[in-house]
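Keep the viewer open and find each residue as it comes up.

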Amino acid sequence: MKLSQKGEWTNRVPMLDGVAVSYAEQSRVDEYSAGLEKGKPLATDLMAEIASLPNLEKACRRVISNGGSAGVDGMTVKELGKWFSLNWRGLQESLLSGAYRPQGVREVEIPKPKGGVRKLGIPTVIDRLVQQAIGQVLSQVYDKSFSPTSYGFRQGRGAHDALKQLSHYISRGKSYVVDIDMAKFFDEVNHERLMSRLSHWLKDRVLMKLIHGYLRTGIMAGGLTEQRTKGTPQGSPLSPLLSNIVLDELDMELSLRGHHYVRYADDIVIVVGSQQAAERVQKSIVDFIENTLRLKVNYRKSRICRPLELNYLGHRFTINGEILLSEESEKRLKDKIRQCTKRNRGVSFETLIKELNLKLRGWLNYFKLASMKSRLKMLDGWIRRRLRCFRLKQCKRTKGMLRLLIKLDVPKKRAFTTATSRKGWWRKASTPACCEGLNKEWFDNQGLFNLSKVYESLQT
């Protein structure tokens, strides 16, 4: 892996060396500082590129593919394509002239896995299109200047890269973790600091005015509109990029201090070699976040811990850096499966299998780096038992259950014993007759996604 003269990575490798990262960080910090001293902005006159037809078309396609709810104007994503084909010239002119004005944001609340609610801001689909168009251009400008150990909301980078990097640091003896949790980060972003940071790099007055307009856009909740003085709406296409711009200042500070850290969006962990170092780092970095960045730290969730106690992006780590599945992640999967396989659902068994396969395939694709062979075998058995309960309940009567088991070549005596049993569905699902008839091969024939089998194939 080589560094260019500007400190950019010419080949992206998840396993970065700590010293090399520091050199890259120092290079980009020096370049940034030199640019400020000379008064040279990073980019000028970007609005022409943002409002170009190819960029707007690309943004429109992206918004439509992402889907989502309608905003305050009621226009749906399905209607956006037709609207754009008729109005793209007017949209282009209003963007270039600076006449475009963002509309209000509709607020919705979604429950968090551990309780409470997360507030999302849903812009109108037209505003989403414009924000997507801005993000596409600004990402190309900013991404090359971001830290190599920043992985959230960046093209070609993701959670797996962050996990590999953290595993690498821990394997090198960094066995104490400073886990810093931001308190409602997206709601606390300071507008003045963000606009000031943008103004150092961008010299496009129309673009700056438009971004500021998005930051100040009112939020509609309960029929009333509330003006926003801080924060960026979580759910807005532009918010992820703006959050990286805000936290890039923290990345620079951490790198200049020589810390080994990994950041995925606002999830930040710093790894050190001792308890004393962890306490010292935690105090100084929390002070920097609150007093310099003007953000808030959640003291209840922030902590110093060992790798095995950590829950980072749904994973934990051994002292040697091995990636494991966290207990919370397994529990959350089981809760989703319980909801999907409720025995009172009025869906066919084939439909249920298809729904379940989508969840299992997506879950395994995300957690495939974890060492969890034995746990997946236990999960597969538990899932099959849940499905046996569902299939037996579909039989409704004793005769139906008896016919099903006999059809599956279960001896009549064992089939009759299970069918006439007064045990509950969960107990019946584990009887020899059910395990013999509705066995692994039967579930394979039904097309059930086998977690342990697919996981083993991914490891080879």
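How many residues does helix α11 have, and what distance does it reach from its first C-alpha to its last? Keep that question in mind; the second point takes it up.

1. **The overall picture.** Please remember throughout that this is a predicted model. The protein has 20 helices and twelve strands. Of its 460 residues, 49% are buried. If you look at contacts between residues at least 6 apart in sequence, 72% of them join residues at least 24 apart.

2. **The span of α11.** Now back to the opening question. Helix α11 runs over residues 275–292, which gives it 18 residues. From first C-alpha to last, α11 reaches 25 Å, close to the 26 Å expected at 1.5 Å a residue.

3. Which residues of α11 are buried? They are A277, A278, V281, I285, V286, F288 and I289. These residues lie on the same side of α11, because they cover an arc of only 155° around its axis.

4. Find H259 in the loop between α10 and β8 (260–264). Is H259 buried or exposed? With a relative accessible area of 18%, H259 is buried, because the cut-off for buried is under 20%. Setting aside neighbours within four places in sequence, H259 is in contact with L254, I270, V281 and I285.

5. **D251 in α10.** Helix α10 also holds D251. At 0% relative accessibility, D251 counts as buried. Which side chain does the side chain of D251 make a polar contact with? The partner is the side chain of R263, at 2.9 Å. D251 and I268 are 17 residues apart along the chain, and their C-alpha atoms are separated by 9.7 Å.

6. **α14 and α20 as a pair.** Next, turn to helix α14 (residues 373–394) and helix α20 (residues 451–459). Two packed helices are described by the angle between their axes and the distance between the axes. For α14 and α20 the angle is about 150°, and the axes are 8 Å apart. That angle makes α14 roughly antiparallel to α20. On the α14 side, the contact is made by K373, L376, K377, L379, D380 and I383. On the α20 side, it is made by L451, S452, Y455 and E456.

7. **The buried side of α20.** L451, S452 and Y455 are the buried residues of α20. They sit on the same side of α20, because they cover an arc of only 85° around the axis. What covers these buried residues includes α13 (349–367) and α14.

8. L207 has its place in helix α9 (residues 205–216). Its relative accessible area is 0%, so L207 is buried. How many residues apart in sequence are L207 and I50? They are 157 residues apart, yet 9.1 Å apart in space, C-alpha to C-alpha. Leaving aside neighbours within four places in sequence, L207 is in contact with L46, M47, I50, I134, L138 and L202.

9. **Two positive phi values in loops.** F153 is a residue other than glycine with a positive phi, near 60°. You can find F153 in the loop between α5 (125–142) and α6 (159–171), and it is partly exposed, with a relative accessible area of 44%. L313 is not a glycine either, and its phi is positive, about 55°. L313 lies in the loop between β10 and β11 (315–317), and it is buried, with a relative accessible area of 14%.

Notes. Residues numbered from 1 in each chain as written. Predicted model: local features only at pLDDT ≥ 70, side-chain atom pairs only at ≥ 80, totals over all residues. Heavy atoms only, no water. Helix = DSSP H or I, 4+ residues; strand = E, 2+ residues; numbered from the N terminus. Expected span 1.5 Å × (residues − 1). Buried < 20%, exposed > 50% of the residue type's maximum accessible area, 1.4 Å probe, protein only. Arc of directions from axis to C-beta. Polar contact = N/O pair within 3.5 Å; in protein donor to acceptor, adjacent residues only side chain to side chain. Axes fitted to C-alpha atoms, helices over the stretch in contact; angles between N-to-C directions. Parallel < 35°, antiparallel > 145°, perpendicular 65-115°, else oblique. Contact = heavy atoms within 4.5 Å.
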